[in-house]
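I opened a new page to note what I looked up here.

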Amino acid sequence: MRTCLRVTRLEIAWICVAFVGLARLGMGPVALAADPPTNNPVASYNLDWTSKIVWDRVVDITTIGGKSWQANLETAQRQLMKQGGGVVYFPAGEYYFEDSVTIQTGIVLRGADPKEKKATSDRYAPPTRFEFPQYKPKFSGSGTPIETAFKGIYLADPATASNCGVVDITINRGHIHLRGAEGFKVGKNRLVAGCLITNAAVADPAVPDRSIGQKPWQRYTKWHHAAINVRSRENALVANNRLAPSSDNFTMKDYVMRTASAFRKKRGKDTVTYDVVFDYDNRPGITVNEACIGAPGGEEPSGTPKSHPWGFRKGAIIRDNYIYSTGRTAIAFTGDGTICSGNVIRFKKGVWRPTNTGRQETHGASTNDNRAIQMRGYRWRVEDNDYEVYRNWCSDRTYYINDGEGLMHENHCNSAIVDSVLRNNRGNTYLSLYKTGFIDGLLIEGNDIRVEERKDRHDPNINGAVAIFVESDHDIRKNNRGPCRNVSIINNTTVGGILLGGEPSSANVIKGNRNIHGTARLYLQARNVKIEGNTGYETLKRP
């Protein structure tokens with residue numbers, strides 16, 4: 001039996017008026033909601049802590065009759081907080097927010113289920129859409145104030161908020177920052193899953209720098225402000241998110257910056273002008289518990305769980321994300337036992353970057369931190385990731401900026417390497433485990449790393465065409481050598497060589513690796529290494 005709903009012309013008119021009114025308030029249109037979902041949308045990851053979120057206690061945002069979505073969200077959260085937390089559900093449709101959104105402890109913001117389930121697919125598009133204000137630049141006077149845009153999703157109390165996050169929402173012109181508070185205080189059990197994010201960079205408040213003559217309307221992206229930033233005392237999940245190419249980029253003509261010291265004498269002036277793009281994809285992609293855990297700001301991998309306990313938090317998982325980038329680091333994490341797997345990373349090729357700071361011109365020794373994954377801490381597992389990373393051209397368009405790593409554990413603000421794994425990753429630039437202090441337990445297995453040639457004639461290959469670079473020595477020139485123990489480099493496919501360095505050295509193996517283009521070099525800067533069954537390499541040993 002079919003039930004019919006009869007609507008009169010007058011009722012239709014009132015519905016139209018209501019939708020127009022909602023649109024004027026930035027509140028419409030949205031779909032008529034079916035029963036909201038009450039299941040655990042991340043159950044497939046088999047994480048017990050996600051069951052502590054009250055998925056079956058749901059408030060549908062469209063059932064609250066407030067003046068704006070911002071006000072409705074606050075009302076919905078208050079209702080749920082009285083009951084111990086739950087989900088604020090946003091049915092399919094567009095929701096406009098004038099300002100940043102804050103999440104209370106125990107609250108998850110959830111959108112409608114996307115038809116395409118995998119964020120690595122170009123078809124991925126959650127039907128619930130958050131819109132934040134667009135930055136509309138003005139290239140005269142003081143310019144458009146930064147405060148008019150660059151909004152995001154934050155925590156009301158970063159020090160304590162737990163069992164909270166964002167799931168299955170398309171976010172335009174907003175970022176997600178589930179941060180901690182001063183003194184490394186932070187809640188636990190935080191997640192960002194299934195979100196599609198575009199135009200997520202923010203403006204650096206240090207630009208314009210009037211001391212060097214920059215114009216008041218100049219703007220530049222903030223270096224360390226990620227599209228998704230999650231910190232958690234324990235348990236963090238950042239999974240199945242898509243950072244797609246942005247559409248709001250704008251060009252600033254005659255942008256003033258300090259002349260690079262390498263060019264100052266040649267040009268005879270302290271400032272230079274270029275046409276500079278405010279590039280929304282020149283930003284870190286995903287950061288999880290990222291922290292400095294070495295000597296303060298220094299080149300020393302000295303961090304330990306005793307000296308930097310906030311840098312060895314457990315339970316972080318970064319999986320199945322897609323990150324598009326034009327610059328900076330796609331994924332960066334710090335912790336103990338972090339799992340980073342199944343992510344797809346795509347940098348844009350051939351980007352010209354006349355400045356990397358917004359204040360000074362680039363040259364060949366500049367860096368923009370272009371790399372796929374940056375690892376810090378102990379016992380990480382980086383597996384099944386697929387990446388393409390490209391360096392940016394510096395200002396003279398002759399040299400590339402000095403970066404372009406694939407998977408990197410470096411000495412800066414870091415720990416040594418302990419019981420960690422790089423397995424089954426695929427990439428176009430090298431694995432760099434650089435001056436790690438010491439290594440005790442490292443497996444590099446089944447990776448396919450094909451180093452692409454650089455395009456400038458002065459430096460034709462990355463790192464002498466080394467595809468797998470492992471060095472525990474802190475500084476060979478000063479005889480600061482670090483122990484290198486229990487390293488296995490086995491069954492990898494490379495275009496490029498392999499380097500292993502460190503002393504004293506014990507229980508290290510390089511076995512079954514295959515270089516598939518020409519003859520690469522196997523650099524042995526460690527003694528007592530078992531070499532067996534490798535093809536396509538010539539061995540060079542440290543004197």
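I started with strands β9 (residues 170–172) and β12 (residues 196–198). They run parallel, and three bridges join them. I looked up T170 and found its bridge partner in β12, L196. The model is predicted, and I keep that in mind throughout.

Then I turned to the second largest pocket. It holds about 340 Å³ of space. I found 17 residues lining this pocket, and P41, Y45, K117, D168 and N240 are the closest to its centre. I sorted the lining by class: eight residues are nonpolar, four are polar and five are charged.

How many disulfides does the count give? I got one disulfide. It joins C292 to C413, with S to S at 2.1 Å. The link of C292 and C413 is left-handed, with -75° about the S-S bond. C292 lies in the loop between β18 (286–288) and β19 (316–319), and C413 in the loop between β27 (405–409) and β28 (417–423), so the pair ties together parts 121 residues apart in sequence.

Are the two ends buried or exposed? C292 is partly exposed, at 29% relative accessibility. C413 has a relative accessible area of 5%, so I count C413 as buried. I also checked C164, which is buried at 0%. C340 is buried, with a relative accessible area of 0%.

Conventions. Residues numbered from 1 in each chain as written. Predicted model: local features only at pLDDT ≥ 70, side-chain atom pairs only at ≥ 80, totals over all residues. Heavy atoms only, no water. Pairing = 2+ DSSP bridges. Helix = DSSP H or I, 4+ residues; strand = E, 2+ residues; numbered from the N terminus. 1 Å grid on protein atoms, 1.4 Å probe; cavity = no way out; pocket = protein on both sides within 12 Å on 5 of 7 lines; lining within 4 Å. Points joined across faces, edges and corners; volume = space filled by probe spheres on them. Nonpolar A, V, L, I, M, F, W, Y, C, P; charged D, E, K, R; others polar. Disulfide = S-S within 2.5 Å. Buried < 20%, exposed > 50% of the residue type's maximum accessible area, 1.4 Å probe, protein only.
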